[in-house]
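Here is a short note for a colleague who is opening this entry. Please look at the sequence and the model, then read the points in order.

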Amino acid sequence: MAVATTPPITAERAAAARRRRGGKVSGGTVAIGIVAWVVGLLFFSPVLWMFLTGFKQESQASTDPPTFFFTPTLDQYRAIFDRDFAPYFINSATASIVSVVLVIILATPAAYALSIARVAKWRDGLFFFMSTRMMPAVASILPLYIIAKNIRMLDNIWFLSLVYTAMNLPIAVWMIRSFLIELPKEVLEAARVDGAKLFTEMRRVILPMIAPGLAATALICFIFAWNEFFFAVSLTATKAATVPVFLVGFITSEGLFWARLSAASTMAVLPVIIAGWIAQKWLVRGLSLGAVK
Amino acid sequence: MATVTYDEASRFYPGSDIPAVDRLSIDVADAEFLVLVGPSGSGKSTALRMLAGLEDVDEGRIRIGERDVTSLPPRDRDIAMVFQSYALYPHMTVAQNMGFALEQAKVPKDQRAKRIRDAAKILDIEPFLDRKPKALSGGQRQRVAMGRAIVREPQVFLMDEPLSNLDAKLRVSTRSQIAALQKRLAVTTVYVTHDQVEAMTMGDRVAVLRDGMLQQCATPLELYQRPANAFVAGFIGSPAMNIREFPVVDGKARIGEVDLPLSREEVQALARDGGDRVLLGFRPESVDLVSRGEGFAVEVRLVEELGADAYLHGKIVGAEHAEADVADIVTRVDPARTPGIGSIVYLRVRPGKEHAFSPKTGLRLG
Amino acid sequence: MAVESEVWVGAAPRRRPEPKRLPTRERWVRRGPLLPALIFAIVLTQLPFLFTLYYSVRERNLLRPGSDRFVGLKNYGKVATDDLFRNAVFNTIKLTVSAVLLSMLLGVALAVVLDKKFLGRGIVRTLLITPFLVMPAAAALLWKTSIFNPVFGLLNWVLSLFGVSNVDWVNRFPMPSIVMVLTWQWTPFMMLIVLAGLQSQSPEILEAAKVDGATAWATFRRITLPHLRQFIELAVLLGSIFIVQTFDSIFMITQGGPGQATTNLPYFIYQKAFRAFDVGEAAAAGVIVVAATIIIATFALRVISGLFQEEA
């Protein structure tokens with residue numbers, strides 16, 4: 001029997017029950033909450049400190065004891081924009097976005113080949129992929145530098161994007177593969193029975209279903225590309241210089257201008273932090289990928 | 001004495017004013033097998049979980065024996081539970097699954113091993129003691145889940161639809177095994193199912209729930225013969241009882257063109273109710289095929305032949321038809337002589353076999 | 001009570017039938033279009049490695065133009081017998097094991113905390129993932145100047161409240177300093193993976209444990225941790241691969257020092273490449289690191305698996 005409105009008498013009883021129940025928030029939960037907040041703030045404090053220091057005068061940036069109270073100023077940020085920050089930002093964005101797009105385009109069919117359309121010895125293939133990520137950037141820098149020089153691709157944002165693509169491909173393949181194997185087989189079989197050929201099957205059935213997984217992978221790859229320091233500094237100079245290069249420029253021989261550097265660092269890390277905060281669910285999803293086998 | 005008492009127990013859905021279980025009161029006797037049955041959303045699982053301590057009790061009390069367990073956590077209630085999905089620990093062997101609770105209760109190792117062996121023998125799962133759940137079939141896992149419960153020798157067994165995940169044939173055989181096991185162990189058992197056949201065949205008493213409220217708690221026979229309201233009448237028994245509204249004229253219910261006399265109590269109850277219609281119920285097996293003039297006319301719409309029985313679906317001639325194409329009466333007929341579709345047959349309800357309910361409240365009259 | 005003899009009571013489980021193979025033509029139609037992408041992807045990721053491999057068997061020093069020639073495994077020999085290389089290996093192991101262990105322990109603890117409901121849980125989680133998002137190079141600079149600085153650093157300021165006087169972290173405790181930074185950065189990573197594991201537990205199994213009389217701690221130890229094993233393994237594997245390659249922090253904070261105290265393998269390679277400009281040795285060292293990483297990761301996995309063996 002459907003009741004359109006709950007009879008008042010039940011509402012009263014429910015309210016009374018809630019009152020009786022709601023009173024007791026277990027002491028354990030409160031304790032956990034406190035611990036969580038303390039640890040959370042502790043972990044966040046260095047970033048907060050960097051953010052605040054960007055608004056200090058240089059003299060307030062390094063003091064003993066540290067300056068907690070000060071009048072904020074925009075001097076440091078003005079100085080940064082005077083230095084023409086924008087091109088660095090654009091280069092970082094270009095390299096990151098282009099490499100992410102390339103990675104997704106390449107990794108998806110590769111992952112598909114390693115999961116659903118099971119290529120023989122896929123396990124070896126996967127491990128093989130991952131093993132290339134095990135080599136530190138420093139090892140390949142000179143060879144890459146030499147080759148880049150020879151084909152005149154030094155200080156070229158597209159070359160850097162390509163390097164980032166190669167760097168992120170293994171992770172992307174691993175992640176996308178893990179999302180693909182979670183797909184219910186019956187849905188794919190139904191698509192085949194319905195007459196879908198491979199390309200249609202991919203486009204109309206598979207891609208929409210793993211879209212969140214792709215987003216998660218893209219986010220992680222973006223983070224890695226944006227935050228990448230070594231290749232950026234080694235392979236670019238002026239035209240293709242990215243944000244990390246900009247940062248390095250502040251470590252001059254005159255010594256550390258920490259307030260200004262803080263402001264610059266804040267600008268450098270802000271995009272990824274904001275992206276990560278907003279797309280938290282995707283981040284979590286991406287990081288826990290094929291853990292749920 | 002391990003009795004179980006629900007005393008005006010209620011539970012509200014979290015964040016809602018709607019009760020999942022509404023003032024439930026049931027007394028389960030020691031060693032009794034009580035079945036909680038009802039459609040989905042009736043609150044039967046919630047009621048069981050309240051007994052287990054997995055669900056808060058918002059109003060009322062719950063007692064096991066003389067102890068009021070309403071605020072006790074599950075581990076202090078001395079109960080064992082069989083879950084619908086069996087909830088076996090996937091990384092432990094069968095023996096470890098069965099022994100886990102005993103370990104928590106600090107039962108010494110040799111006693112543990114003995115109890116596990118005995119329980120495994122009863123359930124015939126001795127060969128599987130060293131296997132992990134994923135190496136077992138559904139039926140085997142179900143028995144392990146039961147073994148995990150009986151090894152604890154608790155005061156009460158709780159079972160939440162343990163047979164739902166088994167195929168039909170296995171369900172039938174396991175049903176009788178569980179009932180026999182319960183009789184042998186003589187442990188109070190509260191059993192939840194949505195299947196009324198299970199309820200009727202297994203329970204000493206059956207409690208029918210609907211929308212969180214107890215409709216009737218009685219022995220299967222009593223539920224069958226004297227349902228307390230129209231819902232219970234229609235829920236218990238398969239095929240379901242025919243329940244329809246008929247006009248009442250002169251103390252008789254008018255079915256088609258024939259009158260069915262109502263008993264005096266029924267008439268008096270109707271008069272008190274103040275109405276000129278009655279909700280009448282009669283079971284397919286309480287209706288006889290008669291010759292013209294002795295019963296009301298029914299046009300045959302469908303005949304189901306089941307081998308041992310046949311069921312005739314038809315429309316009463318002369319009665320109001322709410323929906324044009326739906327048969328409004330089902331009756332059991334002799335499979336050797338089934339009438340053809342479209343023919344007219346004459347049916348009569350065996351006197352005294354009708355159930356009268358109030359059209360307004362659904363409650364039994366008389 | 002005798003169980004009715006059903007077909008499958010006590011019957012030996014049948015062997016799983018071989019997975020049906022699609023007819024050959026069908027297979028190629030399905031996989032054909034994928035091959036180019038797969039091959040291209042493989043080639044692209046292998047290219048840097050192949051370049052490095054190529055140069056690792058050649059002797060070439062950028063300071064001496066025209067010195068390029070094939071020398072076989074000579075570079076590998078030089079690197080392997082280099083004391084500084086061995087030092088870098090030990091440092092890398094110390095660093096990786098410490099950082100992975102600490103961040104995993106913290107990660108598990110924080111995941112357990114974040115699994116419970118409390119006021120502002122979402123905000124705390126947001127705060128906790130931030131270290132992972134910050135550019136490691138910027139973070140390293142931040143730690144060096146704002147936190148570790150003996151005079152102006154926050155860490156010493158906090159410690160001074162407890163009566164501990166100026167500690168020169170970077171020079172006196174270089175390894176712990178780096179480990180601190182790495183733990184700070186990687187705990188969110190471990191935490192998120194373990195949290196996913198915690199939230200993927202079956203609620204009915206947890207309830208069964210409750211009914212079986214397990215305390216919260218017993219449930220965690222006997223039911224939750226075994227379930228978390230595969231998540232922890234994944235996190236450790238992935239985390240190790242990345243942490244072995246730590247470069248930004250060492251470059252920014254200690255420059256491998258004092259002396260060679262915090263020179264790990266990547267920084268060792270960097271020195272070979274950008275101080276000595278010895279392309280060949282640097283490349284050879286790089287190839288050795290790949291092999292070493294694989295070994296470390298496998299070793300770590302085996303240790304973890306051992307920890308989770310259920311007692312009979």
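How many residues does the contact take from chain A and from chain C?

1. **The A–C contact.** The contact takes 75 residues from chain A and 76 residues from chain C. Two residues are in contact if their C-beta atoms, placed from the backbone, lie within 7 Å. On the side of chain A that touches chain C, helix 2 of chain A gives the most, with 16 residues. Helices (H or I, at least four residues) and strands (E, at least two) are DSSP runs, numbered from the N terminus. By class, that side of chain A has 57 nonpolar, 15 polar and three charged residues. Ala, Val, Leu, Ile, Met, Phe, Trp, Tyr, Cys and Pro count as nonpolar; Asp, Glu, Lys and Arg count as charged; the others, Gly among them, count as polar.

2. **Ground rules.** This is a predicted model: local features need pLDDT of at least 70, side-chain atom pairs count only at pLDDT 80 or more, and totals for chains, interfaces and linings use all residues. Residues are numbered from 1 along each chain as its sequence is written, while chains are lettered from A and ligands numbered from 1 in the order in which they are written.

3. **Chain A overall.** Chain A holds 14 helices and two strands. Of its 293 residues, 42% are buried. A residue is buried if 20 or more other C-beta atoms lie within 10 Å of its own, exposed if 12 or fewer, and partly exposed in between; C-beta atoms are placed from the backbone. Among contacts in chain A with a separation of 6 or more, 79% link residues 24 or more positions apart.

4. **Domains of chain A.** The domain assignment gives domain 1 (2-77) and domain 2 (85-287). Such bounds come from an automatic or database domain assignment. The contact takes 11 residues from domain 1 of chain A and eight residues from domain 2 of chain A. On the domain 1 side, helix 2 (27-53), helix 3 (58-61) and helix 4 (75-82) of chain A each give two or more residues. Helix 2 of chain A gives the most to that side, with three residues. The domain 1 side has four nonpolar, five polar and two charged residues.

5. **Helix 7 of chain A.** Buried residues in helix 7 of chain A include I141(A), L142(A), P143(A) and L144(A).

6. **Positive phi values.** Just after helix 7 of chain A, R152(A) takes a positive phi of about 55°. D155(A), not a glycine, has a positive phi of about 60°. D155(A) sits in the loop between helix 7 and helix 8 (157-181) of chain A. D155(A) counts as partly exposed because it has 15 C-beta neighbours inside 10 Å. In chain C, Q255(C) has a positive phi of about 50°. Q255(C) lies in the loop between helix 12 (248-253) and helix 13 (265-274) of chain C.

7. **Chain B.** Chain B has nine helices and 20 strands. Buried residues make up 44% of its 366 residues. The peptide bond from S238(B) to P239(B) is cis, with omega near 0°. P239(B) is in the loop between helix 8 (230-235) and strand 11 (242-249) of chain B.
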